[in-house]
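Take a walk through the model shown here.

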Amino acid sequence: MWAYIIRRILYAIPILIGVNLLTFLLFFVVNTPQDMAVVHLGDRYVTQEAIDRWIVTNGYDKPTFYNPKAQGIDKISDTLFYQQSMRLFTFNFGTSDTGREIGHDISERMWPSLALAIPSLLLGLGLNVMLALLMVLFRGTQIDTWGVTICVALMSISGLFFIITGQYVLAKLFKWVPISGYESGLSAIKFLALPVLVSVIAGIGSGVRWYRTLFLEEINKDYVRTARAKGLSDIAILFKHVLKNALIPILTGVVVLIPSLFLGSLLLESFFAIPGLGSYTIDAIRAQDFAIVRSMVFLGSVLYILGLLLTDISYTLVDPRVRLN
Amino acid sequence: MILYSISTAYNRGILSLFLGLSLCCAGCDEIWNDPNPANQTNEVIMYTDFSERPKFLDPAKSYAAAESRFIGQIYEPPLQYHYLLRPYQLEPLLATQMPSMSYYDAHNVLLAENAEPTQIAYTVYEITIKPGVLYQNHPAFSKNAQGEFLYHQLSQQQLHHVQEINDFPIQQTREVTADDFAYQIKRLAQPALNSPILGLMSKHIVGLDEFSQILFADFNHLPEKMREMGYMDLRPYTFPGVEVVDKYTYRIKVIGKYPQFPYWLAMNFFAPMPWEAEQFYAQEGLIKKNIILDWYPVGTGPYVLAVNNPNRQMVLARNPNFRAEYYPTEGMPEDVDVGLLAPAGKRLPFLDKIVFNLEKESIPRWTKFLQGYYDLSSVGSDNFQQAMVINNNSASLAPELKNKGIKVYSTISESIFYWGFNMLDPVVGGYEDKNRALRQALAIAMDTEEFIAIFLNEQGIAAQGPIPPGIEGYQSGKEGVNPYVYTWKDNQPLRLPLEHARELLAQAGYPDGRDAQTGEQLVLHYDVITTGDPVEKARFAWMQKQLNKLNIDLNIRATDTNRFREKMSTGYAQIFSWGWSADYPDPENFLFLLYGPNSRVGTEGVNSANYQNPVYDKLYEQLQNLDAGPQKDQIITQMLAIIRADSPWVWGFYPQAYSLAQVWNGALKPNEVASNTYKYYTIDAQTRATLRKQWNRPILWPLLLAVLGMLLLCLPMAVVYWRKNKQVHHLRVKEE
Amino acid sequence: MMPFKIDILWTDAVFFVLLASIFILIFFQRKQMKHARWTQVFKNKVGMSSAVVLFFYLCIAFLDSLHFRPELSQRLPNQETLYATQVESVLDLILSPLDVQMETTYAAPFATTSFAEEPHLVQGQVVYDFEPLRYTAEHIPPDTPTLTEISHIMRAALPLTGLLTAVTLVVIFFLVTLGSPTRIKALFIRIIRPAPRGVCWRTFMITWVLMLFLCTTLYYLSRHYHIFGTDKIGQDVFYQAVKSIRTGVMIGTLTTLVMLPFALLMGTLAGYFRGVIDDVIQYTYMTLSSIPGILLIAASVLILEVFMNQHAQWFASTAARADARLFALCVILGLTSWTSLCRLIRAETLKLRELDYVLAAQALGVRNLMIILKHIFPNLLHIILITIVLDFSGLVLAEAVLSYIGVGVDPSMQSFGNMINSARLELAREPTVWWPLAAAFIFMFVLVLAANLFADTVRDALDPRKAG
């Protein structure tokens with residue numbers, strides 16, 4: 001197993017290099033050093049001389065990929081691409097346009113993201129599974145039909161509407177919770193209540209349907225028929241057998257999500273002013289702070305690959321028949 | 001009808017039932033939606049918001065209004081603007097009096113005070129600062145008994161415990177000396193700092209340009225590590241532009257006569273900077289933790305930055321070392337009535353803390369303000385449209401706000417928003433009569449008054465030229481009207497009729513919006529920045545509608561900021577929108593926006609229209625050397641006449657800056673040029689607490705309704721389940 | 001000489017190609033249609049009615065894609081005819097004069113006076129008052145109660161509904177039965193007494209008539225009122241919502257269409273040839289899919305802006321610019337989302353190439369290209385169809401989010417995303433301006449709901465696991 005994990009990590013390296021190359025190309029086309037200089041220097045009394053000076057002092061005057069003037073390994077390493085992108089592998093993200101260490105910012109902003117994402121995931125999971133079980137229990141009745149219809153309807157509503165109406169009704173009209181903001185510690189609860197609720201409701205539609213299909217597949221299997229033949233009640237079958245057996249796909253489905261939880265939710269965080277990585281990313285895109293965007297792209301890719309790896313491992317853990325090769 | 005009354009009675013019954021229930025439940029007196037943490041101490045705290053993350057808090061770099069809101073309270077330059085007096089006036093802040101001026105000729109011979117401007121080669125400003133001014137407590141100053149700095153060479157172990165600046169146990173202070181002011185001026189030339197005003201100041205301060213070249217050369221010889229940190233010890237350097245006379249006196253030598261220079265001395269660029277701070281922050285371990293001068297200022301002002309979390313919150317707290325400074329005793333006559341002079345002579349500042357919360361979305365910001373969680377709302381007019389209703393000829397507060405006692409403070413800001421024509425463009429540019437006619441026609445078609453009504457809720461004044469009211473050279477009334485766009489009727493300017501614009505258009509060679517030669521429709525291009533702001537779409541459509549009035553098509557080329565800048569610099573743009581807010585209240589700071597040598601293309605200057613008119617340029621050069629007076633006014637009138645005829649801009653409007661304050665705020669006066677006004681503000685925390693409670697009782701009946709609804713939903717489920725079970729049972733019985 | 005010049009924008013062209021290929025497919029497959037699995041969709045009530053709703057949306061998008069430029073009046077003698085630079089669509093023509101901005105600023109739905117007090121001159125004095133709306137004042141006699149007027153209009157719309165229903169149904173029935181009297185009889189019997197496993201003709205009838213009624217009524221009402229009020233600059237919100245349909249439909253359909261050749265080619269190549277090709281393709285899509293989608297889209301859109309700026313002369317009018325951006329956005333969305341389809345196709349091809357007849361063909365020395373075309377592609381069709389319908393709703397929803405972040409369609413283009421984005425600020429007004437948000441919500445919800453329901457039935461019909 002360790003050999004497998006190590007091999008997978010080795011596989012990830014060329015992928016990450018590819019990601020880096022791609023983002024480097026993408027962002028340097030959009031954001032030339034000249035642009036960066038102007039962003040830093042402001043618009044009012046900037047001179048071309050000041051721009052050139054900025055480019056030199058910040059090391060953007062190097063060649064892009066290959067430095068013919070340098071010696072030995074420096075031919076590759078003393079270049080913009082190497083300096084800007086390869087250091088990401090050591091999680092050295094450099095500084096943003098505002099002069100702050102990105103690594104430090106990320107480590108700080110990760111926590112609010114998790115504080116929102118984990119409760120949303122757990123509550124959503126619990127609620128979805130529960131509702132799906134209920135619908136399966138009532139399969140073939142009007143309740144099931146209506147349930148599915150409501151799910152599809154919920155799926156058809158843009159997440160933006162949930163956020164906008166949630167804020168308007170619960171926070172503005174009813175004054176139950178602060179409309180936005182964040183605080184660390186226990187008082188975070190009152191700020192997180194609404195975004196968590198919104199994200200749970202927005203996720204109900206697809207979640208319940210997904211689990212419902214899962215359970216329905218399970219309930220048609222032979223062992224369920226046997227159990228029913230033994231005279232077990234429907235509820236007992238559902239909770240004892242179906243849920244237990246469906247747990248494997250449920251859990252592995254969740255495992256793949258875990259690393260990406262760190263990245264936070266773009267929309268919720270920026271609407272509710274939660275200082276997590278999601279709003280960090282959106283702000284960076286809007287302010288065209290490409291150092292941050294590049295770092296987030298890299299981080300996102302790492303976490304994605306990690307998620308895939310974790311899923312594979314968790315498969316073997318829950319089901320010994322699956323062998324990694 | 002009967003049915004109706006029954007149902008309302010029924011509704012009322014349910015309502016009162018729920019209300020009763022909700023009143024019974026515990027904690028109804030509690031507020032649930034307070035976004036601020038409970039205030040345990042008895043400090044007087046003001047809550048307000050910021051929408052834009054400050055980028056730089058270093059006084060050598062910071063230039064944006066979003067930043068000066070913070071550092072204006074922390075750093076103090078030698079001069080400041082008087083809080084109450086209008087027109088805006090400079091007064092000493094860290095200086096003991098206004099700087100003294102002496103003129104020299106090219107051979108450094110002292111000239112008389114009334115010397116001819118052409119004779120004057122240099123002006124020397126001598127500034128004497130107040131003795132005994134202390135910096136805020138800061139680890140950079142901390143020394144041990146031997147007089148060695150405690151934290152200038154931090155060990156790994158020391159660093160381990162440090163997460164922010166307040167984690168250093170020993171924090172000391174030092175007296176401000178003239179050296180610190182000189183040090184800061186030298187920092188303007190420091191290559192790694194890239195001060196935004198270096199380019200401009202190099203033209204004015206003697207030797208600054210050469211000095212920056214020297215520093216740049218030396219910087220490139222620094223070891224890689226130092227270069228990365230961007231640190232240079234500037235103490236050994238001197239340059240002719242700045243001279244320290246004694247501990248409390250220094251001189252700045254300016255090229256020629258530059259009467260506007262004292263205004264710069266009221267900006268944070270000229271605040272004192274202790275060299276210890278720079279040396280302290282130049283440590284790799286601190287930089288890794290984002291502890292840098294840009295984020296943890298070292299100032300002398302009434303406040304220090306207690307919490308710096310630009311992602312969420314910035315907190316200014318009272319500086320214990322702040323010297324005795326007092327509320328002004330002098331004001332305008334109307335200030336007395338509104339209570340602005342009530343605190344006269346009292347010691348500043350009044351507030352213990354100012355909490356700024358980051359609010360990027362306007363709905364939460366607005367809602368929190370209405371709920372009483374912000375004392376001041378300070379964002380631009382765009383987000384305040386909801387606040388105003390138009391009643392009987394004037395915009396006033398919406399009744400909902402009036403009932404809450406909210407006050408509105410508005411003032412014309414020293415800024416202008418305009419639509420410019422790129423004068424290099426073959427279609428809209430040019431200086432021939434027909435080119436002029438086209439631009440004038442467009443200026444008439446662009447109904448600025450409608451723009452102000454729709455997008456600013458009447459919070460602005462249509463501009464007649466580049467100079468806004470309150471600044472020398474602005475003329476109100478008939479004389480001040482731009483005759484190419486307006487006539488004077490019924491004691492107010494009246495936009496010329498569209499027919500006139502159509503005539504002009506025909507003169508320009510485009511009768512009815514069609515090219516007279518080819519018959520093709522005239523298509524113009526509007527280059528504009530798009531930021532994803534929701535209002536943009538409406539603005540673009542409005543622009544198109546204006547030109548459609550003349551049967552001209554408008555192609556909107558919206559791009560991001562970088563691309564827009566590129567277009568402007570290469571002279572590719574055609575019609576564009578631009579804004580300028582004054583650095584200082586002087587007409588020169590507006591008229592130079594059209595000065596030829598400042599042209600955008602080629603020199604990256606502020607003349608974004610690339611307007612070139614030799615007569616205007618000559619007049620501007622004369623104006624530069626003039627002190628306020630009738631001669632200056634006369635030249636301004638001439639200049640205005642020239643640019644109105646050429647109309648390189650559609651003059652646009654002077655926006656009104658306005659802020660809303662809750663009833664518990666003491667009287668305040670908006671000041672558009674001073675950024676350090678928080679020290680004058682007061683708050684009645686008692687009233688605030690009561691009103692907040694009153695305004696924020698949670699409405700609970702929907703909660704109960706929701707619970708009830710859920711229970712009701714369970715009912716059919718139970719029924720179905722029961723039926724199903726019975727069916728199964730039935731089947732089983734049958735089988736048996 | 002025609003008094004206008006047809007103008008085919010990028011997205012129009014691709015959209016027409018899409019429609020044409022659907023027609024051709026149906027025309028050539030009409031023999032096998034009876035037995036094709038996908039016709040199951042129409043044997044399901046939900047499937048049938050959602051298909052009808054989608055069809056109406058498609059029609060509106062189609063009408064809005066017929067672009068032309070009206071002729072300009074002759075100014076000089078003996079000159080070649082010139083056309084306006086502004087592009088219009090047939091839909092604009094139908095809805096005109098709604099496309100011209102009427103009011104100064106906000107007006108509530110069905111209102112007859114302005115939402116806020118407006119200045120106007122009375123004897124040289126500026127007076128603020130609620131002004132009658134320009135548009136409604138033209139069409140509504142003053143002092144009529146709104147409800148009476150609305151019911152009048154709705155009644156007036158009935159004849160048109162009837163006429164349209166009759167005409168369209170006759171055409172459709174003729175197309176379906178090809179005029180054969182026995183078939184017509186059979187069809188009518190099925191409408192009256194639906195067969196348990198037959199095509200749901202009765203559902204079709206009901207939905208069809210309802211949709212027609214809705215369309216004509218809304219059209220009639222829009223002649224007199226601002227049904228959904230007006231927005232900040234006084235433009236009709238109903239018009240915006242209808243115009244947004246095209247943007248949504250384009251993004252939903254073109255995106256998948258654009259990525260299809262890519263995914264199909266890469267997927268089959270990787271699955272069929274395996275080895276190095278497989279490795280390279282897998283590496284490519286692993287790399288692309290590991291980048292968070294929204295960031296990749298943001299970066300690509302920013303690059304697009306650079307490109308469009310450098311070649312601004314190619315886009316003479318705002319419409320051309322906006323359309324080019326919409327098309328590019330579809331391409332970008334397609335390129336970032338092709339990986340999942342590619343993976344599916346690769347997996348399926350891996351399975352297919354092991355099938356007996358493929359192996360047999362290989363053994364007989366049939367060229368690989370022929371095998372792929374003859375045996376592999378036809379068996380991938382159901383995956384492609386499912387992907388197209390499943391992705392549609394997601395893409396329509398994604399457009400809204402992208403606009404919020406600022407990397408969506410051109411700000412001057414009407415789209416649901418742009419509507420929501422500007423409407424959310426208006427909720428904070430006092431009194432609340434709720435109608436732009438409500439209009440965007442309703443139009444978008446119906447579209448996405450229909451698409452979701454349709455996708456469900458398509459999947460149920462085509463999914464081999466459910467076929468048995």
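Is B:Asp58 buried or exposed? It counts as buried, because its relative accessibility is 2%.

The side chain of B:Asp58 meets that of B:Arg187 in a salt bridge, 2.6 Å from N to O. B:Arg187 sits in helix α4 of chain B, residues 178-187, while B:Asp58 is in the loop between β1 (45-50) and α2 (65-74), so the pair ties together parts that are 129 residues apart in sequence. B:Arg187 has a relative accessibility of 0% and therefore counts as buried.

B:Arg187 has another partner. Its side chain forms a salt bridge with B:Glu278, 2.9 Å from N to O. B:Glu278 belongs to helix α9 of chain B, residues 275-281, and B:Arg187 to helix α4, so this pair ties together parts 91 residues apart in sequence. Both B:Glu278 and B:Arg187 are buried.

C:Lys243 counts as buried because its relative accessibility is 14%. C:Asp92, at 6%, is buried too. Back in chain B, salt bridges with shared partners join B:Glu76, B:Arg323, B:Glu325 and B:Lys679 into one network. Over all chains, the structure holds 49 salt bridges.

Now step back to chain B as a whole. It has 24 helices and 22 strands. Its C-alpha atoms fill a box of roughly 120 × 85 × 60 Å along the principal axes. Of its 736 residues, 57% count as buried. Among contacts in chain B with a separation of 6 or more, 73% are between residues 24 or more positions apart. The accessible surface of the chain is about 30,300 Å², and carbon and sulfur atoms hold 55% of that.

How far can the coordinates be trusted? Chain B has a mean pLDDT of 87, with 92% of its residues at 70 or more. Residues 1-28 of chain B stay under 50, and the model has 15 contacts for them beyond four places in sequence. Where pLDDT is low, predicted coordinates should not be read in detail.

Next, look at where the chains meet. B:Thr559 is in strand β20 of chain B, residues 553-559. It counts as buried because its relative accessibility is 1%. Its side chain makes a polar contact of 3.5 Å with that of B:Lys567. Beyond four places in sequence, B:Thr559 touches residues including B:Phe564, C:Glu305, C:Asn309 and C:Arg321.

At 2% relative accessibility, B:Arg563 is buried. Leaving aside neighbours within four places in sequence, B:Arg563 contacts A:Val30 and A:Asp35, along with C:Glu305, C:Val306 and C:Asn309. Its side chain also makes a polar contact of 3.1 Å with that of B:Glu566. B:Ile529 is 34 residues away from B:Arg563 in sequence, yet their C-alpha atoms are 8.3 Å apart.

Finish on chain A. A:Leu21, A:Leu25, A:Phe65, A:Tyr66, A:Ile76 and A:Tyr82 make a nonpolar surface patch of about 550 Å². A:Tyr82 is in helix α5, residues 80-85. With a relative accessible area of 38%, A:Tyr82 is partly exposed.

Methods. Residues are numbered from 1 along each chain as its sequence is written. Chains are lettered from A and ligands numbered from 1 in the order in which they are written. This is a predicted model: local features need pLDDT of at least 70, side-chain atom pairs count only at pLDDT 80 or more; totals for chains, interfaces and linings use all residues. Side-chain values use heavy atoms; hydrogens and water are left out. pLDDT is the predictor's confidence in each residue, from 0 to 100. Contact means heavy atoms within 4.5 Å. Patches are made of residues with over 30% relative accessible area and no salt bridge: like charges are joined within 9 Å, nonpolar side chains (Val, Leu, Ile, Met, Phe, Trp, Tyr) within 5 Å. Accessible areas come from the Shrake-Rupley method with a 1.4 Å probe; for residues, only the protein chains shown count as cover. A salt bridge is a side-chain nitrogen of Lys or Arg within 4 Å of a carboxyl oxygen of Asp or Glu. Helices (H or I, at least four residues) and strands (E, at least two) are DSSP runs, numbered from the N terminus. Buried means under 20% relative accessible area, exposed over 50%, partly exposed in between (1.4 Å probe, protein chains only). A polar contact is a pair of N or O atoms within 3.5 Å; within protein, one must be able to donate a hydrogen and the other to accept it, and residues adjacent in sequence count only if both atoms are side-chain atoms.
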